[in-house]
Amino acid sequence: MTDTTRSARGGVPERPSLDGLEETWARRWQSDGTYAFDRTKERSDVYAIDTPPPTVSGELHMGHVFSYTHTDTVARFQRMRGRTVFYPMGWDDNGLPTERRVQNVYGVRPDPSLPYDGDWHPPSAPVDDAARKNPTAISRRNFIELCELLTVEDEKAFEALWRRLGLSVDWSLTYTTIGSAARAASQRAFLRNLARGEAYQAEAPTLWDVGYGTAVAQAELEDRERPGAYHRLRFTGPDGREVLIDTTRPELLPACVALVCHPDDERYADLVGAAARTPVFGVEVPVRAHPLADPAKGTGIAMVCTFGDLTDVTWWRELRLDTRVVIGRDGRLLPEPPAGVPAEPYAALAGQTVNGARRTLVELLADAGDLVGEPRPITHPVKFYERGDRPLEIVSTRQWYLRNGGRDTGLREELLARGRELRWVPEHMRHRYEHWVGGLTGDWLVSRQRFFGVPVPVWYRLDDTGEPDWSHPLTPDEAMLPIDPTSEPPPGYEESQRGVPGGFTGDPDVLDTWATSSLTPQIVGGWETDPDLFTRVFPMDLRPQGHDIIRTWLFATVARSHLEHGALPWHTAVLSGWILDPDRKKMSKSKGNVVTPMALLERNGSDAVRYWAANGKPGMDLAFDPAQVKVGRRLATKLLNASRFALGLGAADALRAAATQPLDTAMLAELSGVVATATTAFDGYDHTAALMATEAFFWRFCDDYIELVKERAYGTGPAADSARAALATALSVQLRLFAPVLPFVTEEVWSWWRYGSVHRSPWPTTYEVGRAMEAPGDPELLRLAADALGQVRRAKSERKLSMKADVPLAEALGPAAVLDRLGTVADDLRAAGRIAKLDLLPDRTTELVIACAF
């Protein structure tokens, strides 16, 4: 391994190697503060990145490597362009994923009724399946401490991988979404939302995950195809008229509050305004009309239950129907029937699971003769929480909401306008944002009935009977934040007054993890805690993220910033695609096709893996291809060897000299065009185009230019000096062009002959390359010379001769103008091709032909 601990130029090693570069340079960058943010710079000199904080309750996968590499190329490019880069790293460690991981690792479950046990200690090692199935109950506080303990260990593993990958973050800016600063910022923003009327509490139908025991927001839903069955039920209309209803959820019959048909459906026009009776229970329900009823679905008339699905909620709200809730938070039917529903038939359902109640009710319907025909099997989409494994129910609960335009057209238009202000990369991703905002049907539900999260920072007075006064929450002063109302009393109260009539109770809920993550620019930027820093980094320049969380993280961050600051949180959003397996299927743990990156990084080197990642454009999916990783390693190895060769010719001492010979200026002229292309590409957040242009030139540089010029460069005199000067400039420029993608190998080579870090060196410019030429060069001349040399090589290959074989005579045929240009580099061509005599024969052919005589 190369000794790279030297502080100045290290010289060229005898056997350069890629092995060990990651550990060496990661340590050196940290000790030298290579990527430290300079907070003395003015805002115009700062480039601020709102880095995605990965969830640390699992393993990093190739999708993380893919997208975070893209962001790092931006950071490195901007740093070399003279900006001080604000590039923090965060860990998203609160919320359901962490809780589930703790429960699985340690076989515990939180029980808020238990007291804190200061002597309790977790198992010393992960538990077995038996312990997971029969978890130990521990107090809420013990459980939270266990979550904190495990996330610290997870974060260490994540940081080690990020350092191995070479992310140029400033590690002194690291934060966690459950840390003190994040909790204070999240609670401060919530309290200000509350004071402005943007946060409110309501008892309302709520999407509920029975498995997790918590409310779920609209943005966290996903449809999954599940088997079901249509059951045809016989209702009784006026004068004994038969009214048939198709439903997939017969167990909700006791929750039926109306029948609904389309206003233009003539089949049921005479029923609208009348009433019908439910089978089994005999409850009278109104028949109403609503445009959401689909005449072509089932029998064209549906039963409205409180609540079977989101359409039921819409009908219930807009038609002002009664409420008959039958499903509790545990996913079982409530022990008592709702008002107006007879107890006797309901008793058979009480306490049953949804599936059990469905079977029982189908039997009751059949016995009563009100089940028409046999159930008809179907497959249909069912709502799930994106992390859950049981279908969602809709239960009536008291929750906290944030206004997001779902019920306020004025706010919706403002947020749509914010989306149009934002620069989207790629541009078409803006339509996903607009589709989401335009389709919102309600405000953002931000409270969660969990434990490890940011507590909702309010308390409630208890009246003389011990009932909470929900309408007048008690709030802390911002100077008190962060607070936990379940363990701290509100101002003016003592802890002894908790839970007693005339005293208080703390809000037991926590905020949705997105309610905190939506404030990452404020959290890391020092909002209200470090005003000087905040003015230098906010609004930020870049939000990089996945396109699948536009509706959650991106939209929520825009909404919070709009409400609090009246501005966008950043100027540009760059969206990443997905990583696909070799069969072009999305990688996921459930499919078992996930590739974890650490072994790949260790086996192939980080630069090779970064090369693969950089071949994916923003917004585009990329298949994982081990062969592409190997191409990246070959490129990094060639960069080592070509650099060693060029420096061995004395290029390091010729850096400030000018190139004078036609072939040298031709190569530099082409390189100038590459610099322009790569710069434009990086400015447009197209790292892939920048890499492609740089790589294509590099292989021509190695295969053509070096081969053509090396004999001259070995010599002495002005022509040799010109070759060495051109090699020096080309090597210096190419190392910097590759640096954002291949940080380790470029830093290693830079250390052989230059001072400082390549990543702190200025980005190359066309002016710099032009200054290295005594006169403007002709970029096509290098291609012409390479074509001629290629024909000579083919001639030797066809005769199975060594490339070092001499060519006594070569004749160059072609248009006179072409041969005139070839004549300017004839000496280099003769030397590279080992041609004793080269004759130029103009106008014998229409294209360049090199005929060799042996």
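How many bridges join β23 to strand β24, and do these strands run parallel or antiparallel? In this predicted model, β23 and β24 (residues 570-576) are joined by 6 bridges and run parallel. Within this pairing, Q545 stands opposite L575 in β24. Both strands belong to an open sheet of 3 strands, arranged in the order β17-β24-β23 with parallel pairing. The edges of the sheet are formed by β17 (423-425) and β23 (540-546); each has a single partner strand, so one side of each is left without a neighbour in the sheet. On average, and with direction ignored, neighbouring strands of this sheet are turned by 20° against each other. In general, strands of a sheet pair through backbone hydrogen bonds, in either a parallel or an antiparallel manner.

An antiparallel pairing is found between strand β11 (residues 256-261) and β14, which are joined by 5 bridges. In this pair, L259 has M303 of β14 as its bridge partner. Strand β14 (residues 301-305) is mostly covered, with 4 of its 5 residues buried.

The helical packing around α18 was examined next. Helix α18 (residues 626-648) packs with helix α22 (residues 743-753) at an angle of about 10°, the two axes lying 10 Å apart. Because angles under 35 degrees count as roughly parallel, α18 is described as roughly parallel to α22. The crossing of these two helices is right-handed. On the α18 side, the contact is made by A636, L639, L640, S643, R644 and L647, and on the α22 side by V745, T746, E748, V749, W752 and W753. Classified by residue type, the contact of α18 with α22 comprises 8 nonpolar, 2 polar and 2 charged residues.

Helix α18 also packs with helix α20 (residues 687-713); their axes come within 11 Å and cross at roughly 35°. The crossing of α18 with α20 is left-handed, whereas that of α18 with α22 is right-handed. In the contact with α20, residues V631, R634, L635, K638, L639, A642 and F645 of α18 meet E695, F698, W699, C702, I706 and K710 of α20. By class, this contact of α18 with α20 has 9 nonpolar, no polar and 4 charged residues. Residue L639 of α18 takes part in the contact with α22 and is also listed in the contact with α20.

Notes. Residues numbered from 1 in each chain as written. Predicted model: local features only at pLDDT ≥ 70, side-chain atom pairs only at ≥ 80, totals over all residues. Heavy atoms only, no water. Buried < 20%, exposed > 50% of the residue type's maximum accessible area, 1.4 Å probe, protein only. Pairing = 2+ DSSP bridges. Axes fitted to C-alpha atoms, helices over the stretch in contact; angles between N-to-C directions. Parallel < 35°, antiparallel > 145°, perpendicular 65-115°, else oblique. Left-handed = near helix turned anticlockwise from the far one by under 90°. Contact = heavy atoms within 4.5 Å. Nonpolar A, V, L, I, M, F, W, Y, C, P; charged D, E, K, R; others polar.
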